[in-house]
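Dear colleague,

Please find the structure below for your study. My notes on what was found in it follow directly after.

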Amino acid sequence: MSSIAQKKGFGATLWDYLTTVDHKKIAVMYLIAGGLFFVIGGIEAMLIRIQLAKPDNDFVSAGLFNEIITMHGTTMIFLAAMPILFGFMNAVMPLQIGARDVAFPFLNSLGFWLFLFGGLFLNLSWFMGGAPDAGWTSYASLSLASPGHGIDFYAIGLQIAGAGTYIGGINFLVTIINMRAPGMTYMRMPLFTWTTFVASALILFAFPPLTIGLFFLILDRMFGGNFFDHTMGGNTIIWEHLFWIFGHPEVYILILPAFGIFSEIFTIFSRKRLFGYSSMVFATVLIGFLGFMVWAHHMFTVGLGPTANAIFAVATMAIAVPTGMKIFNWLLTMWGGSIKVTTPMLYALGFIPSFVAGGVTGVMQGAAPLDYQLHDSYFIVAHFHYVIVGGVVLAILAAVHLYWPLMFNQMLSEKLGKWTFWFFFIGFHLTFFIQHFLGLMGMPRRVFTFRADQGWDLFNLISSVGAAFMAIGVIILVYNIIVTAVRNEPVGNDPWEDGRTLEWAIPQPVPFYNFRQTPLVRGLDPFWIEKQEGNKEGMTYAEPLSDIHMPNNSFIPFVMTVGLFIAGFGALYHGEKEWSIPVLVLGFAITFGSMAVRSLKDDHGFHIHKEDLMNEKGGK
Amino acid sequence: MNTTMKEGFDLAMMKGLKKWRLFSLLAALTIFLSGCGEEYLSTLTPAGQVGRDQFNLLLLASAIMTFVVIVVVIIYVLALVKFRRKKVGENVIPKQVEGSHTLEVIWTVIPILLLIVLAVPTVIYTYKHADVAAMDHVDADGNKTAVTVNVTAKLYWWEFEYPDLGVVTAQELVVPTGEKVYFNLKAADVKHSFWIPAAGGKMDTNVENVNQFYLEFDKESAGLKDGVFYGKCAELCGPSHALMDFKVKTLNRDDFNAWVEAAKTTEAVADGELATQGEEIFNTSCIACHATSAAGTAGGVGPNLATFGDRNRVAGFMDHTEEDLKNWISDPQKYKPGNLMPQPKQLNNGEEFSEEQLDALAEYLMGLSIEK
Amino acid sequence: MDLNKKYTPQTWPDHPEQVTMEGKNKFLGFWLFLGGETVLFASLFATYLALKNKGPSGMEFSTQSLFELPLVFVMTMILLTSSLTSVYAMYHMKNHNFKGMQLWLGITVVLGLAFLALEIYEFNHYVHLGFNYSQSAFSSAFFTLVGTHGLHVVVGLVWITLLIVRNAKRGFSLYNAPKYYTASLYWHFIDVVWVFIFTVVYLMGVVG
């Protein structure tokens, strides 16, 4: 086990990845799978904009259009944005706190496979009778009425993928609480670790309501439940509440890690510590907390009554305060610094005005009576794309460039990176800015076509042109990645030269056991401190070189997931095919059987001996 | 805190404030925004008090938010211009500033104040627009003083019942101007949302409960491009969600009363030979679902057709011509996928309608009118 | 640290479940998991309260007509007692008395089985009355809430049984101590949820 740089055959590599419990490899898998779903979701987006480029278009049919928008939203949120962020959390966070690995490497692997197979299950719907078509929110009366199995794929697929996310959330929480290196107090944790922490806490409390909502949907559609059937006493508003009690924190689950990524970028490329670190931490926690108090602002028009609407309106506005604090702290981080406009910094600079625009339209929608006009119009489409694309996606693209050398020991081309940025950024504003006005001009969202001469023709065309620009940007990025991989030039650690946190101190390629000796953290931005003091060794260490305990690889997470995947089909065809119950039982038997094997078979991991560690040159 | 930084920052704030004129910005916004969109459809050209309140809230919110954006952009641009590495020097290590309590307080307190400015009218309007107490007011004779409409949203059409007047119609809502019109909103199948952008914000039609709100209409719709305001379904309800439009005709109170009277008394009559043939076909194939008298109550399987000839559209969104009407009847699924109207073969003894039958039906239907 | 090292009562640590890093992680992770489970059950409770006694028009069933407190009271007592016996088991773990712990866990399992048997009887009784899963929104919500709890009981019983059997010949180690500990935590959680079910579903159903 001591040599890491061995050349392996394809089969051995595949087996390695199928069984790996190493957070760095799992991170790569999250990135690849999430990137793939991002491209699929992007193609769906392009189809939407082609259809809406001109009035009365018949490029796609009405029913198919609804399937496309549903899958676009669901894919982008659950299968692209979140997994890619999980990838970066896995790649970076354990290194940032100087941990060997995450707290539960086995569960980390399980979480990934659950996400991947949930996503595959969901997308299989395209080939098995039609995708879900009730919108990513899948409101109950429509989702019960929807024929075919589309909604069943949605409910079961998200249930599987959601379980993976939930596991991941707990894992990150325990890692951050228990496994920080000596000296890494809470108030010395890098902002990306902090936002991972708060986002994970949100996952812990936000996903169970979704689980229950999906569970009800599955029971209603496949097993004779009556939760949402109003003729049997059910109530569809329950779905809306459960969905948004999950759905609103979900927005923060996405945006907080994005905030963390940008906090890292602003400090690195301004060569300055984060301005107002403690209030940034406070704002992060406050946003996470308030995120649970505002779900009903998605439901202002449902008829909850003026008192509920007024309370949720004011609570919603309150969130603007900590968010504004963050924006000003970033600006003041740049102020007085030494700003170098690299590709990641370019994204961060693009993020500020884009996200502020998305934030202020959010406050406008928080004003309930105004929201009566804006709700479910193109204004809301513009708003949430401003926060999610202008915030989360820009952060993801920035992080791809920023952390590529950390994850792959290669540098993406800066020149191509900047081309990507400009195409994507201009395309983004072209696509979505104009949609605010479409909404104000009376265009409802989720319409598969529109009649000419309602004043919407030109703006829709502009919006579609913008989408093409974004697509070009993504294509350049893909090209950049291929070129970089082929060129394969190792760059070593701290390639941006102004790295401040622990992850930039580790030798490249990163050894599978991470830091050979656990580093000692002597303040905020520990690597910066050591560099300023001229430490030649890189870091000060907290312990002498000694044996390292590592977990064994395991194939069980993969098998457990396959079991659930099979069980999903059993549930899906319940009451329709004779084999459904046997298949359901078989699937669960595989899952719980392998769980029992895991539990009964002792697995103590292995040790890397001190002597072997000394013989290695730490991967350099 | 670094003094140069503080000075620069203050300078930026001052510059921003000097440029800042609330009223000029508001005026500019109003002109800019109302240049957008069509009068019969846009939220930016409000046609009644509710819409106007919401539009004013939009202006206020936009003004505050524009102010915030301007402040951010000024600091942002200044920072970017002043502190580029090229300018600062390649090897300079900037002072590692921890933060500033003063500044934290400033950018906490000012946003809170701005939000309070927005929150107060928000709460006031929230209550105001939900106040439907006057719905049940009666005059000395025990008659309701306000017009109430029961709206039922169905796949994919709208039924409008006037319970106190004994009238029911579909697809085209007729309301008096200059007074509050109250709505009871409900969905018959899946959830929809009732939205007349020019008149004011939307409200959902739920399957399990009745929602209530009101709207006001200032002016008569006769002067508009199509003579009507546009209404939309704003909640995804299936394949033809995009086509679930309706129209709103606003009349002054006298005209409205006359319209109600006509609706209650007009009998459907076939005028001419072709129309009479059409009536026969209608009575065998269509009448099971479509009523032709506006006197009655809600609950029709298909839209009430008593006012069909007076309408602005066929099936809610197609042009109001015999051509489109015949297209629609001969293949409803093609034009409005997923709607519940049977295909011709199910209605006409297993056969498509012939061209003659379609002509006759169109002639009859176009003649159904209470306004002529 | 050798996880399979044999300890004596003198060398056995005070908190054997939290000595190793794995143990600490398990301990904390499981608490967090229970936090999520709490939200999960809260969602089920909220739904149940919203749909309580709701059904097709003219439904004959209601909480008053359906529930009988004596049976449920017995079930409650059984489950509460089983929680107590699992506390004894953990007490013995602390004192390095392996046999004692296994015995008390065995009693816990027996009590859990008794509870489960009564619950199956109860459900069966309702179904025979015509109050089946698809009868109404109320029935769906009731069976889902109480049934999800029942499912947790089953999982807990299987888990504890596996632990008892698996470790019968091996005695204590720092490797299996956290497993025992989390299993007993889970069992307490199940018990707490039942207290809420007893109060919200049955007591408030019959009295309120």
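**A buried charge in chain C**

In this predicted model, C:Glu119 is buried but forms no salt bridge. The nearest side chain of opposite charge belongs to C:Lys52, and it is 17 Å away; a salt bridge would require the nitrogen and the carboxyl oxygen to lie within 4 Å. C:Glu119 belongs to helix H4 of chain C, which covers residues 98-129. Which residues does C:Glu119 contact, leaving aside its neighbours within four places in sequence? They are C:Met75, C:Val146, C:Gly150 and C:Trp194.

**How the chains meet**

Of the 2 pairs of chains that touch, chains A and B have the most contacts. Chains B and C, by contrast, do not touch, and their nearest C-alpha atoms are 12 Å apart.

The contact between chains A and B involves 94 residues of chain A and 91 residues of chain B. About 7700 Å² is buried between these two chains, with carbon and sulfur atoms giving 68% of that area. On the side of chain B, the residues that lose the most area to chain A are B:Arg85, B:Trp107 and B:Leu236, which together account for 10% of what that side buries.

Polar and charged groups also take part. There are 34 residue pairs in polar contact between chain B and chain A. The side of chain B that touches chain A draws its largest share, 16 residues, from H3(B). By class, that side has 52 nonpolar, 22 polar and 17 charged residues. The interface holds 3 salt bridges. B:Asp319 and A:Arg451 are joined by a salt bridge between their side chains, at 3.6 Å from N to O.

With kind regards

Note on methods:
Residues numbered from 1 in each chain as written. Chains lettered and ligands numbered in written order. Predicted model: local features only at pLDDT ≥ 70, side-chain atom pairs only at ≥ 80, totals over all residues. Heavy atoms only, no water. Helix = DSSP H or I, 4+ residues; strand = E, 2+ residues; numbered from the N terminus. Buried < 20%, exposed > 50% of the residue type's maximum accessible area, 1.4 Å probe, protein only. Lys, Arg positive; Asp, Glu negative; His and termini not counted. Contact = heavy atoms within 4.5 Å. Buried area = accessible area lost by both parts, 1.4 Å probe. Polar contact = N/O pair within 3.5 Å; in protein donor to acceptor, adjacent residues only side chain to side chain. Nonpolar A, V, L, I, M, F, W, Y, C, P; charged D, E, K, R; others polar.
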